[in-house]
Amino acid sequence: MPRAQWASRMGFILAAAGSAVGLGNIWKFPYIAGENGGGAFVLIYLVAIALVGFPIMIAELVIGRNAQASPVVAFEKMAGKDSNWKAVGWLGVITGFIILSYYSVVAGWSLSYVLMSICDFLEGKSPEQISSLFDNLYVSGGVNVFWHTLFMLLAIGIVYGGVKKGIERWSKILMPVLFVLLVVLVVRAVFMPGFSKGVAFVFAPDMDKLTNAGILEAVGHAFFTLSLGMGAMLTYGSYLSKKTDLVRASAIVCSLDTLIALMACLIIFPVVFSFGFEPDQGPGLVFKTIPVVFSQLTGGPLLAILFFMLLAFAALTSAISLLEVVTSHFIDKFGWSRKKATLIPGGMIFLFGIPSALAGSGALLGDWQGIVGKNFFDTMDYLASNWLLPMGGILIAVYVGWFAPKKLIKAEFHEGSKFKSLFVGWLWVLRIIVPIAMVVVLLYKVGILEFADPNLPT
Ligand code: PHE
């Protein structure tokens with residue numbers, strides 16, 4: 001049976017953008033930028049998107065489309081059945097498992113805010129009161145588990161029914177609506193007193209504020225936000241037709257994803273500086289700030305419902321790609337039915353997410369924080385984004401750059417592309433720039449490299 005394909009070129013771009021654009025852009029990026037001092041962090045992130053993310057996205061699509069299979073089987077096909085490269089595929093499955101477990105908790109917060117918006121939670125509240133609502137939610141273990149359960153059921157239900165039927169159609173309508181709503185919010189933010197301070201925070205790099213850990217976090221986030229390093233794009237690439245221009249598609253997805261992340265910052269930080277909040281509030285940042293904008297808008301309560309629904313939808317399209325990696329693995333590798341391959345791993349991911357859902361309340365694994373220094377939720381995010389995804393990404397780059405049959409890679413890159421002349425440059429970026437950049441980042445992280453102290457005479 002020939003492998004299922006996307007209905008149209010647009011269908012693929014929407015699906016890939018659906019995977020990339022999610023909580024990473026609107027929830028995570030602003031809060032980690034806030035924790036890491038803004039501008040300089042954003043700059044490193046932008047460099048990482050262009051220099052590391054974009055080439056690796058092409059690489060994943062090249063492998064996926066060429067092998068026409070999910071990650072483990074793709075590496076078996078390309079590198080040989082006994083080759084160790086298939087471990088990269090396994091790593092991806094494990095990473096997808098971990099990410100989805102806590103991602104679903106955050107998506108659950110978004111669902112919870114839909115209900116809160118329907119109950120008109122903004123009515124008569126000051127900005128401080130609005131922002132403190134998140135703290136209540138965060139510590140309410142049972143409520144978090146409830147929304148986590150609901151979101152996992154949605155994700156499992158959709159992947160169970162096959163990815164493309166409903167989702168492709170809904171994405172076509174809902175993603176543009178989300179975009180328009182973000183534009184409206186940015187416009188409202190422009191008129192806030194703290195707008196210029198917010199813009200300066202995001203775009204004026206102050207290198208002193210950047211830490212070694214922050215650099216790794218920025219690069220790790222480039223992988224997270226583009227869904228790279230764990231085979232999600234590879235899997236989506238396996239449903240691609242030969243007519244698609246992989247370079248162009250990657251460029252579109254990377255730009256769109258970055259644009260949305262920056263727009264989220266241009267809403268959130270003006271609020272932060274207009275109302276005297278702190279930029280480094282951690283994972284609650286978006287939920288504490290954006291509702292404040294709605295409280296200042298005519299029709300705000302209605303828009304709040306719409307916004308959190310769209311955020312939950314954006315999270316769902318990303319969650320689907322995470323679960324699809326795990327599910328298609330069990331189908332391709334062990335011959336499981338789609339039903340079994342969705343329900344069993346999906347159920348396990350759900351259970352594994354419970355300690356994350358309870359992290360704020362300390363109801364389960366309460367000592368975890370004391371031992372590891374971060375709660376369970378933060379530990380999983382840290383492990384996946386800062387270590388597992390970058391590791392998977394480097395291995396994919398090195399494999400495509402040095403080990404994969406060059407002829408094959410070249411033919412696949414050229415197929416359907418107007419940018420054939422970029423092949424050599426791309427290959428050398430994967431061979432040299434990506435590995436060196438990642439090694440430098442890691443040396444900073446472990447403290448072997450340090451920033452020069454700006455106060456010392458040079
Ligand atoms: N890219 C998604 C986001 O930004 C998260 C994700 C990571 C999805 C890895 C798939 C794979 O929210």
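These notebook entries record what I looked up in one predicted model.

**Basis.** I worked from a predicted model in which local features need pLDDT of at least 70, side-chain atom pairs count only at pLDDT 80 or more, and totals for chains, interfaces and linings use all residues. Residues are numbered from 1 along each chain as its sequence is written, and side-chain values use heavy atoms, with hydrogens and water left out.

**Entry 1: cysteines.** I searched the whole structure for disulfides and found 0; the term stands for a pair of cysteine sulfur atoms within 2.5 Å. I then looked up C254, whose sulfur is 17 Å from the closest cysteine sulfur, in C265, and is therefore too far away for a bond. I noted the accessibility classes: buried is under 20% relative accessible area, exposed is over 50%, and partly exposed is in between (1.4 Å probe, protein chains only). C254 counts as buried because its relative accessibility is 5%. C119 is exposed, at a relative accessible area of 56%.

**Entry 2: salt bridges.** I recorded 8 salt bridges in the structure. The term requires a side-chain nitrogen of Lys or Arg within 4 Å of a carboxyl oxygen of Asp or Glu. I looked up three of them, including the bridge between K28 and D381, with an N to O distance of 3.1 Å. This pair links distant parts of the chain, since K28 sits in helix α2 (residues 23-35) and D381 in helix α17 (residues 376-403), 353 residues apart. For the elements I used DSSP runs numbered from the N terminus, helices being H or I with at least four residues and strands E with at least two. K28 and D381 are both buried.

**Entry 3: R65 and its partners.** I found R65 in a salt bridge with E412, where the closest N and O atoms are 2.6 Å apart. R65 belongs to helix α3 (residues 39-67) and E412 to helix α18 (residues 406-414), so the bridge ties together parts that are 347 residues apart in sequence. Both residues, R65 and E412, are buried. I also noted a network of salt bridges that links R65, K242 and E412.

**Entry 4: K333 and E76.** The side chains of K333 and E76 form a salt bridge, at 2.8 Å from N to O. The two residues are 257 apart and join distant parts of the chain, K333 lying in helix α14 (residues 300-334) and E76 in helix α4 (residues 71-79). K333 counts as partly exposed because its relative accessibility is 28%, whereas E76 is buried at 9%.

**Entry 5: ligand.** I counted 15 residues around the ligand, the closest being A20, G24, Y103, F224 and S227; a residue is included if one of its heavy atoms lies within 4 Å. I looked up distances from oxygen atoms of the ligand. A polar backbone atom of L23 is 3.1 Å from a ligand oxygen, and a polar backbone atom of G24 is 2.8 Å from a ligand oxygen. In the side chain of Y103, an N or O atom is 2.5 Å from a ligand oxygen. The protein covers 100% of the 330 Å² of accessible area that the ligand has on its own, computed by the Shrake-Rupley method with a 1.4 Å probe.

**Entry 6: S112.** I located S112 in helix α5 (residues 86-118). S112 is buried, with a relative accessible area of 4%. Leaving aside neighbours within four places in sequence, S112 is in contact with L137 and W147, where contact means heavy atoms within 4.5 Å.

Note on methods
Polar contact = N/O pair within 3.5 Å; in protein donor to acceptor, adjacent residues only side chain to side chain.
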